[in-house]
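Biologist: I've got the pair of chains open on my screen and would like to talk them through. Can you help me see what lies behind the labels?

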There are 2 protein chains.
Amino acid sequence: MPKRVDHEERRTEIAEALVRVAGRRGLHAVGMRDVAAEAGVSLRLVQYYFETKEKLLLYGLQHLAAGFGERVAARVRAAGENPGPRATIEAMLLASLPTDEGSRTFHLVHTSYAVLAVTDAALADQPFLKSPDAAEDAVTDLLQQAKDAHLARPGTDARVEAISLLAMSAGLGTSILAGQRSPESAAAVLDAHLDRIFRDGGRND
Amino acid sequence: MPKRVDHEERRTEIAEALVRVAGRRGLHAVGMRDVAAEAGVSLRLVQYYFETKEKLLLYGLQHLAAGFGERVAARVRAAGENPGPRATIEAMLLASLPTDEGSRTFHLVHTSYAVLAVTDAALADQPFLKSPDAAEDAVTDLLQQAKDAHLARPGTDARVEAISLLAMSAGLGTSILAGQRSPESAAAVLDAHLDRIFRDGGRND
DNA sequence: ACGATCATGGTACGTCTGTATCATGAAGGT
DNA sequence: ACCTTCATGATACAGACGTACCATGATCGT
């Protein structure tokens with residue numbers, strides 16, 4: 001036989017090609033042949049490693065979500081050795097905004113998947129839909145910690161604020177993608193809300 | 001000739017068929033033949049009233065946006081004879097959430113269009129993308145009025161809060177659509193923020 | 001009443017799509 | 001050394017898609 005290749009590695013390369021072309025021309029416009037060309041392989045190879053298009057899409061989605069998770073984690077680590085709850089939350093939220101080309105692609109393709117999932121049963125019960133729940137729990141915990149440490153205003157409802165921040169972040173991200181808002185102004189809005197939640201020192205408003 | 005028909009009326013019927021099938025099976029999956037079947041006319045007729053698919057999509061988008069505008073306006077009117085700023089804003093935001101089947105369809109199709117617009121130049125510079133700006137101005141004005149009338153907390157930055165509320169509303173709407181959140185909990189989150197902005201009486205926190 | 005015009009039907013064409021089939025060289029096990 | 005098995009190529013197929021073309025009653029203006 002020919003050289004035994006690492007299937008998983010191959011699949012990753014193809015999935016990344018899928019994400020690239022989806023980010024460029026939109027997920028709806030991506031075909032098997034496009035992915036093959038972008039990955040520099042033949043159509044047959046894409047069929048070989050992913051038997052059907054649906055499996056390719058599913059794998060691509062997982063790969064996308066994993067990459068996003070790493071991106072956020074790296075951003076949080078970059079926030080410092082022992083960042084406070086606010087710095088951590090801020091890093092998470094800002095990492096979710098489509099600022100550079102990479103996160104723009106992620107946001108666009110992710111939203112495309114989400115739209116598809118509404119009418120496609122196979123994508124609907126995919127675990128990537130649960131990652132927002134995980135994020136919500138994480139932010140809630142951080143806010144609760146801040147509240148316990150008297151870093152946040154006493155009246156804060158941790159979960160409601162967590163939901164709000166994540167929904168805002170998602171909404172702002174979409175409007176950045178649509179070209180309605182600049183990343184800077186979106187970041188400023190998020191910061192304003194964090195300022196409100198994390199009162200500094202003893203000010204009571 | 002045959003009975004002279006009202007072209008605009010016909011186009012509206014077909015556009016509504018487009019929106020219905022798009023809401024059911026997703027905008028990406030909608031074809032000329034599907035629209036024709038849903039509208040109960042022949043494929044030729046869809047071609048006759050909209051020469052090309054792109055024109056059909058554009059018209060459908062306008063129709064969708066117009067319908068949404070009416071929906072919101074009706075909801076605001078239903079808020080009472082002379083509603084205060086808070087009731088008005090609340091009506092606007094709640095009308096934007098995908099609660100019933102109609103608004104669910106609107107949200108889904110609208111989001112599909114927005115995703116397409118990112119990679120499609122023809123849709124990108126469509127006026128419906130400006131309606132968020134109009135909403136932002138309207139909410140900002142209402143918040144400013146409330147502030148001037150001492151109904152809102154003094155520290156409120158009207159525009160930042162308007163942006164936040166609309167972004168939250170959009171983000172919450174998307175998560176409702178994805179089945180991650182119930183309409184009720186989303187409405188509760190929005191209400192919590194309105195409670196915060198519109199302090200009651202003389203409380204200073 | 002008649003011819004120009006409008007609304008509609010049917011259908012064919014070319015292209016693109018995802019998938020399946022046939023073919024073949026290259027290297028593993030024994 | 002041989003035969004199986006793996007990786008890859010080329011291409012064919014059936015269907016759906018948007019669009020274009022031809023046909024034909026119906027009715028309006030005159």
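This is a predicted model: local features need pLDDT of at least 70, side-chain atom pairs count only at pLDDT 80 or more; totals for chains, interfaces and linings use all residues.

Biologist: How many helices and strands does chain A have?

Modeller: Chain A has 10 helices and 0 strands, so along the sequence you read α-α-α-α-α-α-α-α-α-α. Its C-alpha trace spans about 70 × 35 × 30 Å along the principal axes.

Biologist: How do you know how chain A and chain B are related?

Modeller: Superpose them. A rotation of 180° with 0.0 Å of shift along its axis puts chain A on chain B, with an RMSD of 0.1 Å. The two copies are thus related as by a two-fold rotation axis. The same surface serves both: 100% of the contact residues of chain A recur in chain B.

Biologist: What is the area buried between chain A and chain B?

Modeller: About 2,800 Å², with carbon and sulfur atoms giving 66% of it. The contact takes 35 residues from chain A and 35 residues from chain B. In chain A, the residues losing the most area to chain B are A:Val118, A:Thr119 and A:Gln180, together 17% of what that side buries.

Biologist: Why are helix 9 of chain A and helix 9 of chain B called roughly perpendicular?

Modeller: Their axes cross at roughly 90° and come within 7 Å. The label covers angles of 65 to 115 degrees, so these two helices count as roughly perpendicular to each other.

Biologist: Which residues of helix 9 of chain A and helix 9 of chain B meet?

Modeller: From helix 9 of chain A come A:Ile163, A:Ser164, A:Ala167, A:Met168, A:Gly171 and A:Leu172. They meet B:Ile163, B:Ser164, B:Ala167, B:Met168, B:Gly171 and B:Leu172 in helix 9 of chain B. By class, that contact has 8 nonpolar, 4 polar and no charged residues.

Biologist: What makes helix 6 of chain B roughly perpendicular to helix 9 of chain B?

Modeller: Same test. Helix 6 (residues 101-119) of chain B packs on helix 9 of chain B at an angle of about 105°, with the axes 10 Å apart. That angle sits in the 65 to 115 range, and so the pair is roughly perpendicular. B:Arg104, B:His107 and B:Leu108 of helix 6 meet B:Ala170, B:Gly173, B:Thr174 and B:Leu177 of helix 9. This contact has 3 nonpolar, 3 polar and 1 charged residues.

Technical notes
Residues are numbered from 1 along each chain as its sequence is written. Chains are lettered from A and ligands numbered from 1 in the order in which they are written. Side-chain values use heavy atoms; hydrogens and water are left out. Axes are lines fitted to C-alpha atoms, for helices over the stretch in contact, and angles run from 0 to 180 degrees between N-to-C directions. Helices (H or I, at least four residues) and strands (E, at least two) are DSSP runs, numbered from the N terminus. Angles under 35 degrees count as roughly parallel, over 145 as roughly antiparallel, 65 to 115 as roughly perpendicular and the rest as oblique. Contact means heavy atoms within 4.5 Å. Ala, Val, Leu, Ile, Met, Phe, Trp, Tyr, Cys and Pro count as nonpolar, Asp, Glu, Lys and Arg as charged, and the others, Gly among them, as polar. Copies are superposed by least squares on the C-alpha atoms of residues with pLDDT of at least 70 in both. Buried area is the accessible area (1.4 Å probe) that two parts lose on being put together, summed over both.
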